[in-house]
Structure formats: C-alpha cells, structure tokens
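Subject: A structure for you to look at

Hello,

Here is the structure I promised to pass on. Please open it beside this email and follow along as you read.

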Amino acid sequence: MNGFQWDWAFTWEVLPMILSAAKVTLLATLLGSIFAIFMGLVFALLRRSNRGVLRISVYWVVEFIRSTPLLVQIFFLYYVMPEFGISLSPLATGVLALGLHYGAYLSEVFRSGIDGIEKGQWEAARALNLSLLDTYKDIVLPQAIRPMIPATGNYIIAMFKETPQLSAITLLEMLQIAKIIGSENFRYLEPFTLVGILYLVFSIAAAYGIHQVERRFPKEGFSLK
Amino acid sequence: MNAPIIEFKNVKKCFGDTVIFSDFNFKVEENEIVSIIGPSGSGKSTLLRILMTLEGIDGGYINVAGESLWHMPWQGQYVPANGKHLHKMRHHLGMVFQHFNLFPHMTVKRNITEAPMRVKGISREEAEASAEKLLKLVGLSDKADSYPNDLSGGQKQRVGIARALAMKPSILLLDEITSALDPELVDEVLDVIRNLVKEDSFTMLLVTHEMYFAREISDRVCFFDNGAIVEEGAPETIFTQPKEERTKAFLNAYLGNNS
C-alpha cells in the first residue's frame, strides 16, 4: 500500500518528463486552435452563402462532425485515411481532428457573431461598393471579433482538455507519458496528480488570459486607422 | 433635352404581401435636385434603396445614366443583373443614411478613405489627401483621427456625407439625413448640403421631413402617398398652392395652418 505515500523524490524525478510532454499537449492545442478558427470561419462563411446546395451541404457536414465522437474522428483519420493513401503523423492527425471537430463548434459562434452586425453596416458597405471580401475583412469581422472571444476561448480550453484522446493514436502527450511512467515504476499517484495540476494551472491561466484579451479589446471592434 | 439620368418604368415592388409600388413611373433629369415628401410608409425610402441596389424590384425597368440598373443585356434580351453589373452601376450612386451607418471601428479619416482605397484602388496618400479636403468641406478637419462614437449626431452625419462624396458619385441619395438628429443639430448638416449644391452641380434625390429645406433647395418637389406620386412641381407651387387634397392635408399637418 506504499502507493498512498506521496514521494517527493519521485515527483521531482518525473516532473521534467511530464513537462516536456506538456509541450506536445500545448503544441497540439495551439495548432489545433489555429486550424479550428480557420475551419470555423470557413464553415460559418459557407453557411451564409447564397447558393442553397452549398449552404445545406455545409450545414450537414457541421452537424455530422458535431454529432459524432471526437475519438471516432481521430481513429478514422489515423487508421482509415492511410487506406486512401494519406498517412499523417500522430501530431498532424491530432491537429487535423481537433481542428475539424472544434471548427464545427466554432462555426456556430462565428455565425452568431456575424449575425450580430447591424444591417446598416452591410448596407453602408454595399452603398460604398465594397466587395464581399472587403466587407467581411474590413467591416464585419473586425466588429464581430469581440463578442466571439469568450465562447471561442471556452472551446479552446475544452479542446485543450480533450488532447488526452490523442494518446489513443500514440501521441506522446501528458497523460500518455504519465501512464508510461506509472507502469514502468508501479507508481501512478504522483504522475497522474502532476498531470491534473498542470491541466488545472494551464486552464486557469488560459481563462484569465482570454478574459484579459476580451476586456482590453475595443468595444467598437478591431480598430482600423 | 438629354435623356433623364434616372427613369423608373412601370416598377413594381412588394414586401411579402404588401405592395409598395404597383406601377411606378418617375424621372429625374441630370443635375436636378428633387425632394420627396410624404407620410411614412409611402415608399419614399424604398425608392432610394432600390436605386442604391439595397432592395430589388419585382417588375418594370429602371434606367440610371443610360443603362438599365436591375437588368443587363444578355444574348439579345434583358435578364436580371448579376453582381458585376450592379457593382458597375453603383459607381454612379452615393447614399447618406438616416442612421449614419458609419463604421465605428474606423477613424473618421478611414471611414472616408476605405472605399476609395479598396474599390477604386487609389493609394492611401491620395485617398487621405482627398479625405482632408472633404473634411474641410464639412467643417470637421479637426476630427480626422476621432472615432465616430466620439462625435455628435450632426458631426456623424457630416462624416456620412463626406464618406459618400469620396466615391465621387454623380447621383447623391439622401435618406432622411436629419431625422435622427436633435433639432439644434439639423442646420449644421443642412448647411453642408447647401454649400455642396452651391459649389458643384449634382443630381440629388432627397427624402426629407424638413419642409423649409425642401422648399429652399429643390428644383422639384414630389409628394408621395401609397407608393405613388400624388402631386409634383416647383417647390413654390407645391408649398403655396397645392392642388390635391391629400397634399394639402399633409402640408397642413406638417407646417400648421399658416402656410
């Protein structure tokens, strides 16, 4: 029953390994977020297209992604795509899966943010003959960003907490390393506790950071001079 | 006489089951200033919004500067205009909105330079030089770097005018540009328009509730009711000797019985 005794020496010994695995977790989250924001924007804009077929197809793609488990998507990308000649590293697969999955959720956030822009802004843009691209880029998105920040931040934190699912395709992220350390040393208490604490610390820091970004962001939107 | 710069022919416009125009005909000559007055809901603003391509039409034809606005020739017939055609046609037109619709995240200067830079591809230096001239014209040279939310309503609307002028439209559409303003701010906006028409010739179509202004500035006044022109003519005639009962009733309600 020695497992219930906290071993500080062991803690310090395994901490560097877990921290270096934390880099993999953070990297997957960072790249996953960038890809998810990109995909979310693409989905949101396509769902506003005036081509009905496109709009409805994208709606169903988004519904499909949101209604199936992330783990299924991860397995599909990792084990099935090679049969079609596309084989990616665990990290690349993980980033792709996280990006698609959370991109589907973010598309709803972005869509409601874009819908929140007053009709008068679109009309002014049209009267000034701005192209659709310039209207989004210069008029709509800069104003829509601020209300999108809190929900986007929450999804990114949620994504961060889902990264252990990538251990299923052998990505050596925090939890996977902790499990390996545990099974090699027959001690699980310290590695798993450290992983839990690191998740807590990163999540709180991220939530605080997101709140600060939101607070400092100009109310009128990203300013253009 | 030249062909009219704006011509509506048998135009039909509905919002759902509500018919705004059933068979609307209307002409504006080049460099003519036309005021449109009338009760709310009579289709005054819709007329301007159709011209600015913010609303489509359900029938008829509209010509602007010798070309069809909502239609284009294709294989020998007229078909509904595509985005490219509308984009080309919008170069003729500029609009100032009742609620300003300034871009709140842009400085005053950028509000004015945005479209010339993006649409006409003018360099930033050139666009800013022209914005400075326009700001001088509307008396807001010191506000170039302010944001719209730091301005009064009257100042916002003067920026709105400068922003529309920056695209050098040949036809200016003014949609109740003083209706959202406190009474004491109305004149600073109207003065800008007064100076504008003094210095340059414009085709101008304005929807307004400022009867004195309509009388003073217009070449022609049209009284609108229920999607039709009930009466039109020189401002003096409309305001002093209206023929139609509906015009008289409307003007009495607006101006009191002393007119």
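Before the helices, a word on how they are described: an axis is a line fitted to C-alpha atoms, for a helix over the stretch in contact, and angles run from 0 to 180 degrees between N-to-C directions. Helices (H or I, at least four residues) and strands (E, at least two) are DSSP runs, numbered from the N terminus. This is a predicted model, in which local features need pLDDT of at least 70 and side-chain atom pairs count only at pLDDT 80 or more, while totals for chains, interfaces and linings use all residues. Residues are numbered from 1 along each chain as its sequence is written, and chains are lettered from A and ligands numbered from 1 in the order in which they are written.

Let's start with a helix pair in chain B. The axes of helix 5 (residues 153–165) and helix 6 (residues 183–199) of chain B come within 8 Å and cross at roughly 15°. These two helices of chain B are therefore roughly parallel to each other (angles under 35 degrees count as roughly parallel, over 145 as roughly antiparallel, 65 to 115 as roughly perpendicular and the rest as oblique). Where do they meet? Helix 5 of chain B brings Gly153(B), Gly154(B), Gln157(B), Arg158(B) and Ile161(B), and helix 6 of chain B brings Leu185(B), Glu188(B), Val189(B) and Val192(B) (residues are in contact if their C-beta atoms, placed from the backbone, lie within 7 Å). By class, the residues of this contact are four nonpolar, three polar and two charged (Ala, Val, Leu, Ile, Met, Phe, Trp, Tyr, Cys and Pro count as nonpolar, Asp, Glu, Lys and Arg as charged, and the others, Gly among them, as polar).

Next, chain A. Chain A has eight helices and zero strands, and its C-alpha atoms fill a box of roughly 75 × 45 × 25 Å along the principal axes. Of its 225 residues, 36% are buried (20 or more other C-beta atoms within 10 Å of a residue's own make it buried, 12 or fewer exposed, and in between partly exposed; C-beta atoms are placed from the backbone). In chain A, helix 5 (residues 119–127) packs against helix 6 at an angle of about 140°, with the axes 11 Å apart. That makes helix 5 of chain A oblique to helix 6 of chain A. Here Gln121(A), Trp122(A) and Ala125(A) meet Thr135(A), Ile139(A) and Val140(A), a contact of four nonpolar, two polar and no charged residues.

Now see how the chains touch. The contact takes 23 residues from chain B and 21 from chain A. On the side of chain B, helix 3 gives the most, with five residues. That side has eleven nonpolar, eight polar and four charged residues.

Helix 3 of chain B is mostly covered, with ten of its twelve residues buried. Its buried residues pack against helix 6 (132–162) of chain A together with helix 4 (124–137) and helix 5 of chain B. Just after helix 3 of chain B, Gly121(B) takes a positive phi of about 65°.

Finally, the largest nonpolar core has 122 residues, and Ala162(B) is one of those with the most contacts inside it (such a core is a set of buried Ala, Val, Leu, Ile, Met, Phe, Trp, Tyr and Cys residues joined through C-beta atoms within 7 Å). Helix 4 (residues 90–115) of chain A gives this core its largest share, twelve residues. Leaving aside neighbours within four places in sequence, Ala162(B) is in contact with Ile112(B), Leu134(B), Leu135(B), Leu137(B) and Val138(B).

Enjoy exploring!

Notes
Contact = placed C-beta atoms within 7 Å.
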